[in-house]
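Have a look at the structure first.

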Amino acid sequence: MKLYSMAGSCSLTDHIALEWIGKPYEFRLMAREDLKTPEFLALNPLGSVPCLTDGDFALTQNVAILEYLDDVYPEANLLGSQDIRDKAEARRWLSFCNADLHKMFGPLFVPGRFIADEAVHPALRAQAAENVKQLLSVADHALNGKEYLSGKKSVADAYLFVILRWYLGMEFDLNIFKNLPAFVERMQADKGVQAAMRKEGLL
């Protein structure tokens with residue numbers, strides 16, 4: 001298998017998953033200009049990461065990749081365990097990170113993609129930041145009395161950790177939350193997380 005990733009992007013989630021699996025894999029760290037090369041566009045016409053190849057099979061989109069990895073390596077318990085309800089709970093939080101929380105960073109990163117009028121961008125960013133805080137409060141509440149979102153470590157936790165790195169990188173205060181600061185410390189201490197971050201030049 002080979003993972004195409006950009007440093008610190010959402011594809012870091014898949015990178016962490018591969019480290020948790022513990023099997024050999026290839027890794028290519030992409031620069032932004034690499035995403036538009038004919039070679040990469042043949043794998044992913046959207047010109048974005050993540051992209052995972054397994055032989056002649058190319059797969060994109062975080063959730064699809066993480067589900068595929070869980071199917072190929074069930075012993076790694078990427079969704080917490082192989083129990084149906086455990087997996088459903090992990091999928092719930094994975095979907096929360098992917099469909100709700102991740103997309104809310106769009107107006108913070110590139111407001112012009114949503115509204116062309118630059119005069120409106122500060123208000124758009126402010127509202128997006130408030131929306132992110134509200135969603136993070138949901139995750140924070142879910143961690144009451146637990147180390148991980150679904151109770152067992154899963155790729156949903158890896159995804160949340162990646163998103164929290166973005167939040168901290170924008171100099172928002174994580175200490176307004178009760179459980180998220182300790183969660184970040186816990187994930188930073190994880191050997192698989194450290195290995196993936198090291199390969200992406202983040203440590």
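For the pocket search, a 1 Å grid is laid over the protein atoms alone; a cavity is a set of points where a 1.4 Å probe fits but cannot get out, while a pocket is an open set with protein on both sides within 12 Å along at least five of seven lines, and lining residues have an atom within 4 Å of a point. Grid points are joined across faces, edges and corners, and a volume is the space filled by probe spheres set on the points. On that basis, the largest pocket holds about 740 Å³ of space.

Keep in mind that this is a predicted model, where local features need pLDDT of at least 70 and side-chain atom pairs count only at pLDDT 80 or more, though totals for chains, interfaces and linings use all residues. Numbering starts from 1 along each chain as its sequence is written, and side-chain values use heavy atoms, with hydrogens and water left out.

**The largest pocket**

- The lining of the largest pocket takes in 25 residues, and Cys10, Ser48, Val49, His102 and Arg113 sit nearest the centre.
- Helix 5 (106-109) and helix 7 (155-169) are the elements giving two or more residues to that lining; helices (H or I, at least four residues) and strands (E, at least two) are DSSP runs, numbered from the N terminus.
- The lining splits into 11 nonpolar, 11 polar and 3 charged residues (Ala, Val, Leu, Ile, Met, Phe, Trp, Tyr, Cys and Pro count as nonpolar, Asp, Glu, Lys and Arg as charged, and the others, Gly among them, as polar).

**Helix 3 against helix 4**

- Helix 3 (residues 62-72) and helix 4 (residues 84-101) cross at roughly 155°, and their axes come within 10 Å (axes are lines fitted to C-alpha atoms, for helices over the stretch in contact, and angles run from 0 to 180 degrees between N-to-C directions).
- That makes helix 3 roughly antiparallel to helix 4 (angles under 35 degrees count as roughly parallel, over 145 as roughly antiparallel, 65 to 115 as roughly perpendicular and the rest as oblique).
- On the helix 3 side, Asn62, Val63, Leu66, Glu67 and Asp70 meet Lys87, Arg91, Leu94 and Asn98 of helix 4 (contact means heavy atoms within 4.5 Å).
- By class, this contact of helix 3 with helix 4 has 3 nonpolar, 2 polar and 4 charged residues.

**Helix 7 and its partners**

- Helix 6 (residues 121-142) packs on helix 7 at about 140°, with the axes 13 Å apart.
- At that angle, helix 6 is oblique to helix 7.
- Val132, Lys133, Leu136 and Ala139 of helix 6 touch Leu160, Leu164 and Tyr167 of helix 7, giving 6 nonpolar, no polar and 1 charged residues.
- Helix 7 also packs with helix 8 (residues 180-188), at an angle of about 110° and with axes 10 Å apart.
- That angle makes helix 7 roughly perpendicular to helix 8.
- Asp157, Ala158, Leu160, Phe161, Leu164 and Leu168 in helix 7 meet Leu180, Phe183, Val184, Met187 and Gln188 in helix 8, a contact of 9 nonpolar, 1 polar and 1 charged residues.

- Most residues other than glycine have a negative phi, and most peptide bonds are trans.
- Val49 and Pro50 are joined by a cis peptide bond, with omega about 10°; Pro50 is in the loop between helix 2 (38-43) and strand 3 (51-54).
- Gln61 isn't a glycine, yet its phi is positive at about 80°; you'll find Gln61 in the loop between strand 4 (57-60) and helix 3.
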